[in-house]
Amino acid sequence: MRKKQKNIIVFGAATLLLALCQVSFAQKKFNDTITIRETVVTATRTEKSIGDIPVPVQVIGRKYIQQTGSQKLSDILQQQAGLVLADNPLGQSLQGYPNPFGSGIQMQGLDPAYTLILLDGEPLTGRNAGILNLGRIAVGNIQQIEIIKGPATSLYGSDALAGVINIITEKPDHNSTLLKVHRASNNTWGLTASNTIKTNKAALELFANRYSSGGYDLDENIYGKTADPYRNYSFAAKLFYNIDARTELRSSVRLFTQKQFNNYLVYTSNQPEAVDGSSNETDWSVNNQLQHRFNQKTNLVSRLYLTGYRDNATVYLQKNDSLFDRSFLGQFLVKPELQLELGKKQNEQLITGIGYNYETIDASRYASEKQFNSFYIYSQKEWLPLNNLNITIGARMDKHSLYKAQFNPKLALAYKPTSRLTVMASVGTGFKAPDFRQQFLFFTNSLVGYTLLGANELNNGLIQLKQQGQIDPSVDISPYLTDHSLLPERSVGTNLGFRWNYSNDTKINFDVFRNDISHLIDRYNLPFTKTNNQSIYSYVNVNRVYTQGATVNISQKLCSFLNLDAGYQYLDAKDKDVLQRIKDGAVVKRDPVTFQSDYVKAKEYGGLFNRSKHSANLQLIYFNKHHWLNARASAVYRGRFGYSDINGDNILDDDREYVKGYVLLNANVSIAFRNGLRIQTGSENILDHEDKDKLPNLSGRTFFVNCSLDLNKIFSKNKNNILQ
Amino acid sequence: MKKMIYSSVAIAIAAMLTLNSCSKDDAVVITTIQKTDSVKVNFSSNSPFTFFSFKNDAIVANSDSASTNWDFGLRFTTFILNSHTYGPGNAGAILQNTIYSNVTTAPDNGYAYDTASSQKAIKDGSWYDYNVATHAFAPKAGQTFIFRTADNHYVKMELLAVDYEPFVGPAPVRLIYRFRYTYQSSGAKNF
């Protein structure tokens, strides 16, 4: 029955598309839309045309975001070639509840913690075990999303190993007043209002968004919802002010607050008890930038960025309203920075910057509030030794109070044999500072009784446990009282590829990548136990892994009203130490059914968990002659990926350890009216793919309606350009 | 001179052959007991151990804990042995990184004892992988325990699985250990 339903939907969608094609064929051919020269700032820290950038870059524009109809950044990102929405490897969905650490974007086969996420060029704080909740970023005022693949540490410092995702909000460049309403399944509401006022010298944009979801429940037999309901508010104000012809001030403030309503079962003295409560996230930032152009060759940019994050979670026992658990995480960052740009020609610039970070962090699982500071300096020079050859060399030095100085260079080449083809090659290093958890955790599990100690707390923690009698007096803890501080994780990344505008209708992007990561931090248990016989865990630099693969993206104009975008990524990501151990005959598996033990062969090793060898995406966009009718259908395929070990060897080497591949299918139609009203309706996850055990972060099929109204259009006389 | 070397080599080979045939004769009298068992073990760290006898392939009553009738005791994921701190026997253990079927002889020495309650022969956490998310204890594959029993016999044992006995509520009451072993009743070290 279910299958039949799916077939009907697929068939229906196909017929609809064919019908649309035919209708439009009958219409006259219309002039192609003017191609706008896309510019990107993230790749070089200055505005640059996409064709000149020597590293793989992807840009998601406002129009694309509008076409998806989505209000969720993660949904938009996972429809890009090579970006996979993956669960945090630290947690696991369990007993009908999703992974407590959420999911994030996996790039070039590296976990979400290895991609730097920037908002208007500045980092967001408040990652939960490495994962930044992308729901904190409202979609409504995004101008474009720039995705740089490959290490970008030489410009951005820690965390940019796999690459950078920079979310750039709208420039207040024309008067507008927009109202948007989003209504979707699961009692989801999105309300957006924005207003831009522009004068000769100044422009001001105000933006507000309210988004709420009723959550969803994939398994009624389990108490509570799979995903809890929540409601959030975002406010942003942005001011651009031209002080004089050469000096510009850009100031923005942002505030996000979210309340999630939690209700689940806990167990106290062996009895199930319902608890309810909430977790409250607050995230704010202030971003000031003053830019002065001394002359045609010299530009100075000074920035001051402040941001803070706080999450308070409290749950109470339902029966008597007594406090059951309280936890919090607070983070604060101040970042002044100065950047000097020298050089007349856009492609022969020298950029130099210096900056300083002051950071504090405080969390319920840490022993006390921590403070750090770091100082950094970066520089990048571009040359054009030949007319069609661009060489970029950059490097950055980070001196952090917790670990030794990090030096990260990068070399990139772009060669343009013809105006339509850019061949790129780049190699660079990257690093990721040990995260706070790995350094400062001081946590004892109340149910089982094991203790987790961050590397920097090992010394204190062991002494304290021993004093409290939790470690037997006969145990010699002295070998663990020496310096155990962690080294940053390091990588070397290489990218080779090309951007080929084969014709006006066909564009092909191809990229081959390889990342070698060393000093990966992993958990280990100490060789002695506590007096309750439970283990003590800490963190150490151990693993060496590599990820390599290829990404291809083809954009093809099928006919005057139909665009096709297809992307594919092949990925191979393995642990080098595991490969060596397999070679040494040191990895043994035991079948969970037959209990037969055997050595693991190299060809059986499936690599790192949570990674799909094959992933693909397809998008078909229809627009009619006057652009008042649009339709979009998209499919995201995620090939099978490793979930968890079942045969006692802790590696992925058995077919039963995989989650089956699946397809997410989305489609929508939108109509734009001349008076500035735009209505869009569609469905996401049309095939209703659900897996309550292994993919609880994925809700079933949903439907949505979007209405947006441009008040300026209603009152303006010129009503021709309806899509702007 | 050359001849002398050849002849001495020949003698050496002959001697080795005779030695080999001697040990082969010994091997004929091997008497091993092979078993696969499933034993319930308390989860709580305050509850009693479950004692096991390889010779009798049976659980030994807690009242008998002061005797040499048991070889190892198990509670939660903690092994104790019948010697030193915990019993009058002579039990010892070696945890070897070898596939069970490839273990053909018990080592002559190197057996560890429980010298203190916090210094156990079999270190907790050494033989399993604990999954923090699912709370599963998975015995590491390719590891074989070699025991000397309380009364000086040799056993090789492999832990096959550790499961939770079905329970209501959150904290489990018992774990179910599945293991197989080969007991050499002759007192020899071969399996």
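The model is predicted, with local features needing pLDDT of at least 70 and side-chain atom pairs pLDDT 80 or more, while totals for linings use all residues. Residues are numbered from 1 along each chain, chains are lettered from A, and hydrogens and water are left out.

Biologist: How many cavities of 30 Å³ or more are there?

Modeller: A cavity is a set of points on a 1 Å grid over the protein atoms alone where a 1.4 Å probe fits but cannot get out. Volume is the space filled by probe spheres set on the points, which are joined across faces, edges and corners. The count of cavities of 30 Å³ or more is eleven.

Biologist: How many residues lining the second largest cavity are charged?

Modeller: The second largest cavity has about 180 Å³ of space, and 15 residues line it. Asp, Glu, Lys and Arg count as charged; Ala, Val, Leu, Ile, Met, Phe, Trp, Tyr, Cys and Pro as nonpolar; the others, Gly among them, as polar. The lining has eight nonpolar residues, four polar and, as charged, three.

Biologist: Which residue just after α7(A) takes a positive phi?

Modeller: Helix α7 of chain A covers residues 576-583, a helix being a DSSP run (H or I) of at least four residues, numbered from the N terminus. Just after α7(A), a positive phi of about 70° is taken by G585(A).

How values were computed
Polar contact = N/O pair within 3.5 Å; in protein donor to acceptor, adjacent residues only side chain to side chain. Helix = DSSP H or I, 4+ residues; strand = E, 2+ residues; numbered from the N terminus. 1 Å grid on protein atoms, 1.4 Å probe; cavity = no way out; pocket = protein on both sides within 12 Å on 5 of 7 lines; lining within 4 Å.
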